Amino acid sequence: LMDGPLTSGGGKMNAYFGPMRLGPDGFYHLAWIWRDHGVCESNHDISYARSKDLIHWQAGSGRPLTLPITLAKADVVDPVPVNGGAINGNVAVGFDSRKRVVISYIKYDEKGFTQVYNARLEQGQWKIYKASSWDYRWAFQGGGSIQFEIHVAGVSVAGDGKLTQSYGHAKYGNGKLILDEATLKLIEDT
């Protein structure tokens, strides 16, 4: 489809993509995290792009993105820093009932605990919402295959003004977050 790469870390980093999703709006949606080198704690900056044809790409605001997309040109959803608790393999795309894209991921909260966050594109801007309230820190580090202690899925429409979000957690087991669709605030953790 393209004559060159979709992203470029300029020899300093790589983009680790989550699964691409065809959205209810007719766009293909892609979210990813940048990683500086072989150790997983060097992940940073949740980013996003969308495309109707997988050739021409744009930011959530509609701003055209020239290829290859670099961190400097990317649509950064959340500028999570290195050692901020975000990891590749835990960035997911979902949608609400109004067809708005929601990017789901984990990172450390203000107390240093690992939480689920959802970022929704609202009026051309990314708004970030904390979904969980766990008292657990997944302090991952190193290279190679990492044993995942937390997995998070993208949101899906549950009806009655609610969204659901599945997770797997080393301390809390498998569960589901029930979110208020309007505010993305937690209603229940089941």
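Guide: We'll go through charged pairs, rings and a bit of the surface.

Visitor: What am I looking at, and how are things numbered?
Guide: This is a predicted model, where local features need pLDDT of at least 70, side-chain atom pairs count only at pLDDT 80 or more, and totals for chains, interfaces and linings use all residues. Residues are numbered from 1 along each chain as its sequence is written, and side-chain values use heavy atoms, with hydrogens and water left out.

Visitor: How many salt bridges does a search of the whole structure find?
Guide: Six. A salt bridge here is a side-chain nitrogen of Lys or Arg within 4 Å of a carboxyl oxygen of Asp or Glu.

Visitor: OK, what does Asp96 meet in a salt bridge?
Guide: Arg120, with 3.2 Å from N to O. Asp96 lies in the loop between strand E8 (91–95) and strand E9 (101–108) and Arg120 in strand E10 (residues 114–122), so the pair ties together parts 24 residues apart in sequence. Strands (E, at least two residues) and helices (H or I, at least four) are DSSP runs, numbered from the N terminus.

Visitor: Is Asp96 buried or exposed?
Guide: Buried, with a relative accessible area of 3%. Arg120 is buried as well, at 0%. The cut-offs are under 20% relative accessible area for buried, over 50% for exposed and partly exposed in between, using a 1.4 Å probe and protein chains only.

Visitor: Which residues are linked with Asp96 in a network of salt bridges?
Guide: Arg100, Arg120 and Glu122.

Visitor: What does Asp135 form a salt bridge with?
Guide: With Lys171, and their closest N and O atoms are 2.9 Å apart. That pair links distant parts of the chain, 36 residues apart: Asp135 is in the loop between E11 and strand E12 (150–152), and Lys171 is in the loop between strand E14 (162–169) and strand E15 (173–180). Asp135 is partly exposed at 42%, and Lys171 is partly exposed at 45%.

Visitor: Switching topic: how many aromatic pairs does the structure hold?
Guide: Eight. In one of them, the rings of Tyr48 and Trp126 have centres 5.0 Å apart and planes at 75°, so the pair is edge-to-face. Tyr48 sits in strand E4 (residues 43–51) and Trp126 in strand E11, 78 residues apart. Rings of Phe, Tyr and Trp (its six-membered ring) pair if their centres lie within 6.5 Å; planes under 30 degrees apart count as stacked, over 60 as edge-to-face and the rest as tilted.

Visitor: Which rings are linked into a cluster by ring pairs?
Guide: Those of Phe17, Trp32 and Trp34.

Visitor: And what sits over the ring of Phe27?
Guide: The charged end of Arg50, 4.4 Å from the ring's centre. Lys52 also lies over the face of Phe27, at 4.5 Å from the ring centre. For this, NZ of Lys or CZ of Arg must be within 6 Å of the ring centre and within 35 degrees of the ring normal.

Visitor: Last stop, the outside. Where does Ala72 lie?
Guide: In the loop between strand E6 (64–65) and strand E7 (75–78). Ala72 is exposed, with a relative accessible area of 80%. The C-alpha atoms of Ala72 and Glu188 are separated by 38 Å.

Visitor: And where is Leu1?
Guide: In the segment before strand E1 (14–17). Leu1 is exposed, at 74% relative accessible area.
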